[in-house]
Amino acid sequence: MSRTIVVAATLAAIGLVAAPAGAQTIFDNLKCYKIRDTQPGKQYTADLLPKLTHDFAPELGDRIVGGVLKKGCRIRVPAKLFCIEVEPQNAHDASPPYNPAQWTVDGPEPGERLCYKLSCPPTPQKELAIIDAFGTRTIKLLGRTGYFCTTVTRQLPQGSECSLAGNGQCGGDCPAGERCLAISPQDCGCVPDAQGCASSTVCQDGFCGGVWETCVMLPIGVCGCSHP
């Protein structure tokens with residue numbers, strides 16, 4: 001992403017850079033907190049496909065090669081960081097003469113994130129020329145991965161009406177004898193308990209808790225929710 005540096009010399013003494021009048025605040029930065037996640041410890045493996053294919057190559061997950069497991073990228077649960085969108089203001093040196101940080105072009109808002117420890121096989125080191133608010137320089141990628149950060153959606157608070165909640169999951173309250181389940185690939189609604197997938201006598205007529213899920217016959221002979 002190209003960035004433009006704007007020199008704010010007249011404000012250097014006080015370390016302030018004024019935004020244009022009426023400008024919309026873009027929260028395109030992240031502030032991350034160390035967290036304690038209650039998710040049980042587990043490892044996942046995944047193929048990681050970069051958007052910038054001219055700079056980065058795909059990094060593959062576990063593979064069976066010649067009957068032997070070849071370890072690839074692995075994501076370790078629980079999460080270690082929770083990141084929220086922020087916009088820094090009045091950024092400047094912490095010591096005199098309090099020069100302001102560089103001004104850079106706004107990017108897309110990233111959304112809230114959970115970050116997990118990520119390990120992948122080493123890759124060749126490389127250098128990238130970059131610009132951000134704190135300077136123009138060349139950084140070196142050391143060939144080792146550190147974190148995998150994924151988008152998150154907040155769960156509905158207690159007492160909310162049945163609706164589509166986080167990550168395509170249905171949530172919220174329903175009248176007694178009903179449950180909040182997916183009634184279409186885009187929406188949720190209250191349905192009788194007996195029509196829940198696990199209680200259904202005809203699997204294809206059962207409803208699941210996620211809009212991406214389908215009620216199918218499981219190998220153990222009962223109905224259960226499955227997703228691609």
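This is a tour of one predicted protein model, stop by stop, with what to select at each place.

**Before you start**

The model is predicted, so local features are given only at pLDDT of at least 70 and side-chain atom pairs only at pLDDT 80 or more, while totals for chains, interfaces and linings use all residues. Residues are numbered from 1 along each chain as its sequence is written, and side-chain values use heavy atoms, with hydrogens and water left out.

**Whole chain**

Show the protein chain as a cartoon. It has 0 helices and 15 strands; helices (H or I, at least four residues) and strands (E, at least two) are DSSP runs, numbered from the N terminus. Of its 228 residues, 22% count as buried. Buried means under 20% relative accessible area, exposed over 50%, and partly exposed in between (1.4 Å probe, protein chains only). The chain exposes about 15,700 Å², with carbon and sulfur atoms supplying 56% of that area; accessible areas come from the Shrake-Rupley method with a 1.4 Å probe, and for residues only the protein chains shown count as cover. Among contacts (heavy atoms within 4.5 Å) with a separation of 6 or more, 59% are between residues 24 or more positions apart.

**Stop 1**

Select Asp28, in the segment before strand 1 (29-34). Leaving aside neighbours within four places in sequence, Asp28 is in contact with Val86, Glu87, Val105, Asp106, Gly107, Pro108, Glu109 and Pro110. The Asp28 side chain also makes a polar contact with the side chain of Asn29 at 2.9 Å. A polar contact is a pair of N or O atoms within 3.5 Å; within protein, one must be able to donate a hydrogen and the other to accept it, and residues adjacent in sequence count only if both atoms are side-chain atoms. A polar atom of the Asp28 side chain lies 2.7 Å from the backbone nitrogen of Gly107.

**Stop 1: disulfides**

Show the cysteine side chains. The structure holds 9 disulfides, each a pair of cysteine sulfur atoms within 2.5 Å. One of them joins Cys32 to Cys83, S to S 2.0 Å. Cys32 is in strand 1 and Cys83 in strand 5, 51 residues apart, and the pair links distant parts of the chain. The torsion about this S-S bond is about 105°, so the disulfide is right-handed. Cys32 is partly exposed at 40% relative accessibility, whereas Cys83 is buried at 1%.

Next select Cys73 and Cys120, also joined by a disulfide, S to S 2.0 Å. Cys73 lies in the loop between strand 4 (68-70) and strand 5, and Cys120 in the loop between strand 6 and strand 7, so the pair ties together parts that are 47 residues apart in sequence.

**Stop 2**

**Stop 3: two cis bonds**

Pro78 is in strand 5, and a cis peptide bond joins Val77 and Pro78, with omega about 15°. Then move to Pro97, in the loop between strand 5 and strand 6. Pro96 and Pro97 are joined by a cis peptide bond with omega about 10°.

**Stop 4: a hairpin**

Select residues 126-132 and 135-141, which are strand 7 and strand 8; they run antiparallel and 7 bridges join them. Strands pair if DSSP finds at least two bridges between them. The two form a hairpin with 2 residues between them, and the bridge partner of Asp132 is Gly135 in strand 8.

**Stop 5: Ser200**

Finish at Ser200, in the loop between strand 13 (188-192) and strand 14 (214-217). Ser200 counts as buried because its relative accessibility is 14%. Its side chain reaches the backbone oxygen of Val202 at 2.6 Å.
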